[in-house]
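This briefing gathers what can be said about the structure shown below, from the chain as a whole to individual side chains. Please read it alongside the sequence.

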Amino acid sequence: FSNPVWYSSSLELEPDKYCEKGDLIYAWSMSYGPYIWNEEKVIYHYHIWKTKLVSDMDKMFSYYYLQALTESIKSQTHETTMGFVTMGIMNNSYIAYPRNIKEQKKISNYLDIKCSKIDEIIEKQQAIIEKLKEYKLSIITEGVTKGLKHNVKMKDSGVRFVDTIPYDWENRKMITILSTRVVDGPHESPELYDTGIPYISATAIVNGKIDFSLMRGYISKEYCE
């Protein structure tokens, strides 16, 4: 759902292997959750399920219910043990719903209106957040490349992303000021445990800070030796 690259295939498959506009589908791996497909006819990936609803189930009610169910599954499951929803988990989950399909439609219509208004607010707030992020970065860049004093004599920086720096500043390669060499973490996925040394992936670093709630697990002391 995030890859901008499309691939074409000359395969001719059974009808149920295609996803048509309006289909209710469910991604069970990584970005798992329900989606209403609103694009052209496609062959869908095996990490996606296409739903076939019984006659007394409204599609949009099912979509919203699957959203709520997915959040419940996420809250009960640790990402270190599952980054996906299995068929067993889904098949053994329960759904409570009004048997009257008109009541289902009434609920889904209400949620359409409420969620649409909330999405509009989120979109506006997100635009404000992005502008604040840009402003924050401009302040940081200005501070570390120009200093706090104004109207000082400037010189060519010799740095790719900076045009000029204060005349009395020094320009040196990064390697000459680091107390130790720069090293990265392991290039393979280590075995994770419930205790030990915290294992932080790049996804746990949010806005320059470590979010320990996104920690994937723990590695053994022996692994670090």
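This is a predicted model: local features need pLDDT of at least 70, side-chain atom pairs count only at pLDDT 80 or more; totals for chains, interfaces and linings use all residues.

Because its relative accessibility is 45%, Ile139 counts as partly exposed, and this residue lies in helix H3, which covers residues 101-146.

**Confidence**
- The protein chain has a mean pLDDT of 83, with 90% of its residues reaching 70 or more.
- Among the elements of the chain, H3 has the highest mean pLDDT, at 94, whereas helix H4 (residues 221-224) has the lowest, at 71.

**Overall make-up**
- Four helices and 11 strands are found in the protein chain, and of its 225 residues 21% are buried.
- Of the contacts between residues at least 6 apart in sequence, 51% join residues at least 24 apart.

**Ile139 and its surface patch**
- Together with Ile128, Leu132 and Tyr135, Ile139 forms a nonpolar patch on the surface, and the four residues have about 410 Å² of accessible area together.

**Gln104, a buried residue**
- Gln104 is also placed in helix H3, but it counts as buried because its relative accessibility is 0%, under the 20% cut-off for that class.
- A polar atom of the Gln104 side chain lies 2.9 Å from the backbone oxygen of Asp56.
- Leaving aside residues up to four places away in sequence, Gln104 touches Asp56, Met57, Asp58, Phe61, Tyr97, Pro98 and Arg99.

Technical notes. Residues are numbered from 1 along each chain as its sequence is written. Side-chain values use heavy atoms; hydrogens and water are left out. Patches are made of residues with over 30% relative accessible area and no salt bridge: like charges are joined within 9 Å, nonpolar side chains (Val, Leu, Ile, Met, Phe, Trp, Tyr) within 5 Å. Accessible areas come from the Shrake-Rupley method with a 1.4 Å probe; for residues, only the protein chains shown count as cover. A salt bridge is a side-chain nitrogen of Lys or Arg within 4 Å of a carboxyl oxygen of Asp or Glu. Helices (H or I, at least four residues) and strands (E, at least two) are DSSP runs, numbered from the N terminus. Buried means under 20% relative accessible area, exposed over 50%, partly exposed in between (1.4 Å probe, protein chains only). pLDDT is the predictor's confidence in each residue, from 0 to 100. A polar contact is a pair of N or O atoms within 3.5 Å; within protein, one must be able to donate a hydrogen and the other to accept it, and residues adjacent in sequence count only if both atoms are side-chain atoms. Contact means heavy atoms within 4.5 Å.
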